[in-house]
Amino acid sequence: MESRRGILGTGLTGLGALALPGCATIATRRPVAATPATCLPRVNVSADRVIRTMAGLRPYRASGFVVRAEALDDKRLVHNYGHGGAGITLSWGTSRLAIELGLPGHQGPVAVLGAGVMGLTTARLVQEAGFPVTIYTAALPPDTTSNIAGGQWHPYGHFDGDAVTAEWRAQLARAADYSWRRFQIMVGNDYGIRWLPTYAESRNGRSDAHEPGRRLLGRQEHPFPVESVARYETMYIETGRFLRELAEDIQIAGGHIVVRSFATPAEVAALSERLVFNCTGLGAAALFGDKELTPIRGQLAILVPQPEVQYAFNGSAGYMFPRADGILLGGTFERGVADATPQSDDIARIVESHRRFYAGWRCG
Ligand SMILES: Cc1cc2nc3c(=O)[nH]c(=O)nc-3n(C[C@H](O)[C@H](O)[C@H](O)COP(=O)(O)OP(=O)(O)OC[C@H]3O[C@@H](n4cnc5c(N)ncnc54)[C@H](O)[C@@H]3O)c2cc1C
């Protein structure tokens, strides 16, 4: 079936100009066929196209992420953890809030706990401000939650609106704003960041500063087998590549990464650095006794890459993010589940709901 772009490309839709020999040029109305739905490449979903499965634990807090400074013996300790399902999105932003709390008045080397997206972005910003940095971490990429993230830039699924304060909302707005701009200047293959049109099942076409171009589509403007779809643009981060590059940047700039696990605040207090950033994600629950931190498990099925798929989808069937390392199908939000192992029944359900969804494709 021809795409809408293909039809418009002929310039002959609707009124066409027809030249007859010996006559004046007259306008004629071409017969209008039933307009086909705008086409997009379909994702090929079947169980035998699954190349790997993953599960990770989102570090969720109903009252939102923690960016706060406190004293730990003779040190300044700055927390930067608890970003739920939006840690990639907010990383540069809350890390910037954290260094603004930590660096003023500080002299000398800096310690960062954790090598997920928060630890790496914090360490990089510390270096950019001119300070030497050492990252201490129990696990390195690719063995962090951050490596599992789908990588959509979308501040979503990280707090409960009834549990947050106005001050926290102000932190969120500043963090989202900086992150939004910082990721934009890193777009490209080096860091695995790109803009993609995103289609979301929605009845709302209102535009949002972080969803440029958002509008509700007419039924003929999309091939998805659902009634209401909005389209907007956002960035997608191929997390494995992004985190690897960031770790390399830190080391090239003289930063050190030490594999070490901390069991108590006293062990942290024994570090030689006088300024410490706590970017331990879910690990902050045990290390600093944050009882509000709750894991929300997310599971993903990854299909054989389809480079022709250059859009993302998010709706009741789940979400689909196309990446160079595979087509990501998600996802689950399992509150309180602390086992980061993919469950075959859940994975089968994720694949089946997407298979049914793409079987209903309304074009090509
Ligand atoms: C399936 C799934 C999909 C997601 N999709 C998205 C998405 O599309 N967009 C988005 O923005 N976010 C997404 N997220 C959320 C995102 O992954 C998290 O918010 C983010 O990774 C949290 O980063 P972090 O650095 O705080 O934690 P982590 O990545 O968990 O890093 C914590 C680090 O601290 C270290 N550590 C922990 N405890 C200790 C200790 N005691 N001593 C020393 N080191 C310690 C760990 O080893 C690790 O290096 C998704 C999450 C999941 C699970």
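A polar contact, as the term is used here, is a pair of N or O atoms within 3.5 Å; within protein, one must be able to donate a hydrogen and the other to accept it, and residues adjacent in sequence count only if both atoms are side-chain atoms. Keep in mind that the model is predicted, so local features need pLDDT of at least 70 and side-chain atom pairs count only at pLDDT 80 or more, while totals for chains, interfaces and linings use all residues. Residues are numbered from 1 along each chain as its sequence is written, and side-chain values use heavy atoms, with hydrogens and water left out.

Let's start at the ligand. Met118 puts a backbone N or O atom 3.1 Å from a ligand oxygen. In Thr137 it's the side chain that takes part, with an N or O atom 2.9 Å from an oxygen atom of the ligand. Gly151 goes back to the backbone: one of its polar atoms there sits 3.0 Å from a ligand oxygen. On its own the ligand would expose 1000 Å², and the protein buries 93% of that (accessible areas by the Shrake-Rupley method with a 1.4 Å probe).

Who makes up the shell? There are 37 residues around the ligand, where being near takes a heavy atom within 4 Å. Gly84, Thr89, Ala139, Ser146 and Phe262 come nearest. By type, the shell splits into 15 nonpolar, 20 polar and two charged residues. For that tally, Ala, Val, Leu, Ile, Met, Phe, Trp, Tyr, Cys and Pro are nonpolar, Asp, Glu, Lys and Arg are charged, and the others, Gly among them, are polar.

As for secondary structure, helices (H or I, at least four residues) and strands (E, at least two) are DSSP runs numbered from the N terminus. β3 (50–60), α2 (87–102), α3 (117–128), α4 (145–148) and β15 (318–323) each give two or more residues to the shell. The largest share, four residues, comes from β3.

Now for its partners; strands pair if DSSP finds at least two bridges between them. β14 (312–315) runs antiparallel to β15, joined by three bridges, and Phe313 stands opposite Met320. β16 (326–330) also pairs with β15 in the antiparallel sense, over five bridges, with Ile327 opposite Pro322. β14 and β15 form a hairpin with two residues between them, and a hairpin through two residues joins β15 to β16.
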